[in-house]
Structure formats: structure tokens, C-alpha cells
Amino acid sequence: MTDNCLMTDSDHYFSTTPRAEATPRQVSFHAAGRDITLTAASGVFSAGRLDPGTAVLLRKAPLPTEPGDYLDLGCGYGPVAVTLALASGGEVTAVDVNARALELVAANAKRLEVSIRASTPEQVPPDARFDQIWSNPPIRIGKAALHDLLRLWLPRLKPGGVAWLVVARHKGGDSLADWLGDQGYPTVKHASQKGYRILRVSARE
């Protein structure tokens, strides 16, 4: 899922400070009824193109159309966060551990004049709650770390809130759906396309 040619051998898209030189690239795609061009750079997730999983997520999950509090978990340079902000006119929190990704998403938001708060996980207020969480989660961190990540953030859904996740089927999309259900989060496989599952995860009642 990553563009490995854009990173050093020691870099991952979940590195806090990528070592690769920040060579800028333009990534264009269509979402929220408009053509969008964002600036990406080496050392962040899928900097050479819109990641296929993210493309399926934006195409198959219903974008919010009203202002609210939205979270893009693992935002990269911001394709999901920007799309959410454009579609809803709401407040989007874009979270990533990668400092370069946060700089990029903040710059993209400023240029497009949308409201996005770029934050490390620690910078998000502990009492912050969200109407929706959107994520193309970092599968490469491993199953245990992924489960810990979801245990941390899914409880931040507001009552009646929903999370939209995209996971490749061959990387555990179906088993993740089962695990989420076991954790008390009603989960359905909302859509499938090009080997990806779109999971709709409801807040615990």
C-alpha cells in the first residue's frame, strides 16, 4: 500500500520524522463533486498517487453533508480530511504521527480554505468527541498495535456516531470486522471494491 520508492530503507509512513528529503509532488483526484489537487511529499503515505484504498473509501462511504466534528485518523497529506471538510463544511481533526504529513495537511487546508486542525495524537484534547471517524488504518504497524489504536479512538465517537474504515480483504478486512463486533462495536461490511472492504462501525450503545 505504500510507495516504497519515496522512502529510505529506515522510513515508514508512520515514522514520526521521515529521513527522506521532502520532494514535493502534486496528487489530483475527484471527490466531493469536485477535482482536488493536493501537495504531497516523499516520506508520507502514498505520496505519488491517491492510495487505492483511500480512493475506494471516498467513493463508497457516504460523505457527510452537514457541519459536525469529524476525525481523519492517519491523515497523511490530507486527502480524506480535505474531502470531509469540503463535503460537510464542518470541523475536521486530522491526526498523524508523521510530522511531515501534518505540515502538508495544514498547508493543503490553508490553500483550499477549509477548516482542518492538524494534530499529533497527543495534541487532541482527551475530551474531544466526534460525529464520525474516517480512516485508512496503518495495517503495517501490526495487528496488536492496530487493535490498540482502535481501542483508543473508537470510544471517542459521540452517541450515534459512526466510523468508516477501509481495509484490504487480504490484509484482514473480514477478521477486523469480526474483532470490532466482539469489542462491542456493531460492524457491517458496507461495500467492497477492488479487494478492499469498507467497514461501517457504530458507536457502542
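The model is predicted, so local features need pLDDT of at least 70, side-chain atom pairs count only at pLDDT 80 or more, and totals for chains, interfaces and linings use all residues. Residues are numbered from 1 along each chain as its sequence is written, and side-chain values use heavy atoms, leaving out hydrogens and water.

Let's start with strands S4 (residues 91-95) and S5 (residues 116-119), which run parallel and are joined by 4 bridges. Strands pair if DSSP finds at least two bridges between them; strands (E, at least two residues) and helices (H or I, at least four) are DSSP runs numbered from the N terminus. From S4 the chain passes through helix H3 (residues 99-112) to S5 in a right-handed β-α-β crossover, meaning that the path over the helix runs clockwise when the strands point away from the viewer. Within this pairing, Thr-93 stands opposite Arg-117 of S5.

Arg-117 also forms a salt bridge with Glu-91 (3.5 Å, N to O). The term means a side-chain nitrogen of Lys or Arg within 4 Å of a carboxyl oxygen of Asp or Glu. Because Arg-117 lies in S5 and Glu-91 in S4, the pair ties together parts 26 residues apart in sequence.

The whole structure has 6 salt bridges. Another of them joins Asp-174 and Arg-197, with the closest N and O atoms 2.6 Å apart. Asp-174 sits in helix H5 (residues 173-182) and Arg-197 in strand S9 (residues 196-202). Arg-197 is buried at 17% relative accessibility, while Asp-174 is partly exposed at 23%; buried means under 20% relative accessible area, exposed over 50%, and partly exposed in between (1.4 Å probe, protein chains only).
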